[in-house]
Amino acid sequence: MFARCFEDKEYKQALGIAVESMRLDIAEKAIIDSDDVKSMLQYCYEVCMNLVNKRDFRCTVLELLVKLYRQSNVRDYMNLCRCLLFLGKSGDIAALFDTLLQNNSEDDTLLVSQIAFELVDNATQHFLTTVRENLPEVPAEPVENEGNYIRNLRQTHNILKGDLTIGFYLEFLYRNNHADLGLLKKIKSLFEPRISVLHTATIVTNAIM
């Protein structure tokens, strides 16, 4: 079956069957031999996260993906970091961030920020802390004549702390707040604070507004 898939260049079918039958050697061959390595790596990641139920085998597949991402010329650092996040390799993510920031490329800097924001949304606080601990330390406040690398590194630290995300959430809530404070005060004055049901109704009214 595998031979026929390779002869017909049905690499996705070969990859799916290989993952299902736990033949990672075949899965690796299907990815490497395909004409579009990037899409095959993405497909393998989706199959692994959605269809593989055994955690140990899922980790093994993700380790294979990490190896292939590093060996290939595919610059899909977002998916690479997703694999490293599931594997709990905070040090590897920090090393990747540092390498990209040292390139002093605007695209790489923006990519690091994008990945850092996704980590804040999906990773635990402990994981974020260990990523920050593995990054080079920077002064808390800007200093005179500091380079782009230090400035971008400080920005990455601030993102991983969650401060910027909280600020963005608050800004969004304030901007989209259409509550009528006069109406809320009027409702609040019409009942006694001891009546919890009416107090809850006021809170719900504020949320709906």
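These are my notebook entries on what I looked up in this predicted model.

**Ground rules**

I number residues from 1 along each chain as its sequence is written, and since this is a predicted model, local features need pLDDT of at least 70 and side-chain atom pairs count only at pLDDT 80 or more, while totals for chains, interfaces and linings use all residues. Side-chain values use heavy atoms, with hydrogens and water left out.

**Entry 1: salt bridges**

I started with charged pairs. Side chains of opposite charge can pair when their charged atoms come close. How many salt bridges does a search of the whole structure find? I got 7, taking a salt bridge as a side-chain nitrogen of Lys or Arg within 4 Å of a carboxyl oxygen of Asp or Glu. I looked at some of them one by one.

Lys 29 pairs with Asp 33, and their closest N and O atoms are 2.8 Å apart. I found both residues in helix α3 (residues 24-33), 4 residues apart, which is about one turn of the helix. My helices are DSSP runs (H or I, at least four residues; strands would be E, at least two), numbered from the N terminus. Next I checked how open the two residues are, using these cut-offs: buried is under 20% relative accessible area, exposed is over 50%, and partly exposed is in between (1.4 Å probe, protein chains only). Lys 29 comes out partly exposed at 40%, and Asp 33 is partly exposed too, at 33%.

Then I went to Arg 75, whose side chain meets that of Asp 108 in a salt bridge of 2.7 Å, N to O. This pair links distant parts of the chain: Arg 75 sits in the loop between α5 (55-71) and α6 (77-87), Asp 108 in helix α8 (residues 106-122), and they are 33 residues apart. Is Asp 108 buried or exposed? I have it down as buried, because its relative accessibility is 5%.

Arg 82 and Glu 118 form another salt bridge, with the closest N and O atoms 2.7 Å apart. Here too, distant parts of the chain are linked, with Arg 82 in helix α6 and Glu 118 in helix α8, 36 residues apart. Arg 82 is partly exposed at 29%, and Glu 118 is partly exposed at 24%.

**Entry 2: α6 against α7**

While I was at α6, I looked at how it packs with helix α7 (residues 90-102). Their axes come within 9 Å and cross at roughly 155 degrees.

Which residues meet? On the α6 side I listed Tyr 77, Leu 80, Cys 81, Leu 84 and Leu 85, and on the α7 side Asp 92, Ile 93, Leu 96, Phe 97 and Leu 100. Contact here means heavy atoms within 4.5 Å. By class, I noted 9 nonpolar, no polar and 1 charged residues. The classes go like this: Ala, Val, Leu, Ile, Met, Phe, Trp, Tyr, Cys and Pro are nonpolar, Asp, Glu, Lys and Arg are charged, and the others, Gly among them, are polar.

I found Ser 34 in the loop between α3 and α4 (37-51). Ser 34 counts as buried, because its relative accessibility is 9%. Leaving aside neighbours within four places in sequence, Ser 34 is in contact with Tyr 11 and Met 40.

Ile 17 belongs to helix α2 and is partly exposed, at 26%. Not counting residues up to four places away in sequence, Ile 17 touches Met 1, Phe 2 and Cys 5. I also checked the spacing to Cys 5: 12 residues in sequence, 9.9 Å in space, C-alpha to C-alpha.

**Entry 3: two positive phi values**

Phi of Lys 9 is near 60 degrees, a positive value in a residue other than glycine. Lys 9 lies in the loop between α1 (2-7) and α2 (11-20), and counts as exposed at 54%.

Met 22 also has a positive phi, near 60 degrees, and is not glycine either. I place Met 22 in the loop between α2 and α3, partly exposed at 44%.

Definitions and conventions. Axes are lines fitted to C-alpha atoms, for helices over the stretch in contact, and angles run from 0 to 180 degrees between N-to-C directions.
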